[in-house]
Amino acid sequence: MKQLILSLFCLSSAYFATAQNNMRPVTDLINITDPAWPLVKQWIDAATNKVEILQADAAKGRDALYKTQVTTRSPMGAIIYATGGLLIDNGWIRILGSGSTKLNRSLPDWNVGKSIKAIGDRPAFLLIADDAAGGFFAINGGALGKDAGNVYYLSPDTLTWDSLDMGYSDFLQFCFKGDLGAFYKTLRWKSWKTEVAALDGNQAYSFYPFLWSKEGKDINKDSRKAVPVDELYTSIYSARIQLGISQ
């Protein structure tokens, strides 16, 4: 099993090595004999955290798979092709797939203008998920540290990219079975469950005072409002630039 998971992770990471080469046709990326979706589905079925599988549109799945250039033999390719995305813990974490009404963002299109300028570019990092508190998850393509292939988290209370010391497959397992309460100890407020359950997957919460400021450290005392997640990403990067944060 360990060898299989490692193989699948390597395939999902292959995007960083091939993105600048000629893009493969989607028929080459759809693996019929050894797809990863049955394995990912087993992980989901065994999850201790709530996982909602968003319905995929076949055309969008093929388009997103082609744009990402990973195969369905990898967990990432399987999620992109087979799902519109995954909502974890009542929608607190949103794992990107090919897009759906609840999460109207595909993984490749979401990265345009952020980690890449255009489809086909080789990304320095690849955004794969985000959360309702305004945090972002990305696979390191070399720009975030020396551990290329590992997942990093950009926290709204530190504004820094920090390695989680895990690859994409382990990140999925963390979302499915990990202690999310401990991980988000300082980023969840008392009424988060009710509010997040009604939140659109294309939105996240903006807090004031800012969570990274001295005045904003107690999240239960901060005011908050739902804003487009794209707007929040831009705001966080603007703050990083203003504060001179490079990591």
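Residues 24 or more positions apart account for 60% of the contacts in the protein with a separation of 6 or more. A contact means heavy atoms within 4.5 Å. The model is predicted: local features need pLDDT of at least 70, side-chain atom pairs count only at pLDDT 80 or more, and totals for chains, interfaces and linings use all residues. Residues are numbered from 1 along each chain as its sequence is written, and side-chain values use heavy atoms, with hydrogens and water left out.

The protein contains eleven helices and nine strands. These are DSSP runs, numbered from the N terminus (helices: H or I, at least four residues; strands: E, at least two). The radius of gyration is 17 Å, close to the 18 Å that the globule rule gives for 247 residues, so the protein is as compact as a globular protein of that length. The radius is taken over C-alpha atoms, and the rule is 2.2 Å times the number of residues to the power 0.38. Along its principal axes, the C-alpha trace spans about 55 × 35 × 30 Å.

Of the 247 residues, 51% count as buried. Buried means under 20% relative accessible area, exposed over 50%, and partly exposed in between (1.4 Å probe, protein chains only). The protein carries 26 positive and 24 negative charges, whose mean positions are 1 Å apart. Lys and Arg count as positive, Asp and Glu as negative; His and the chain ends are not counted. Each charge is placed at NZ of Lys, CZ of Arg, CG of Asp or CD of Glu.

The largest nonpolar core has 69 residues. Such a core is a set of buried Ala, Val, Leu, Ile, Met, Phe, Trp, Tyr and Cys residues joined through side-chain atoms within 4.5 Å. Helix α8 (residues 168-177) gives the largest share of this core, six residues. I93, I95, I128, F137 and F171 have the most contacts inside the core. Beyond four places in sequence, the residues that I93 touches include L86, A129, F137, C175 and Y184.

Helix α6 (residues 75-82) is mostly covered, with six of its eight residues buried. These are P75, M76, G77, A78, I79 and I80.

L54 lies in strand β1 (residues 51-54). L54 is buried, with a relative accessible area of 5%. Beyond four places in sequence, L54 touches T83, G84, G85, L87, S100, K102 and L103. L54 and S100 are 46 residues apart along the chain, yet their C-alpha atoms are separated by 6.6 Å.
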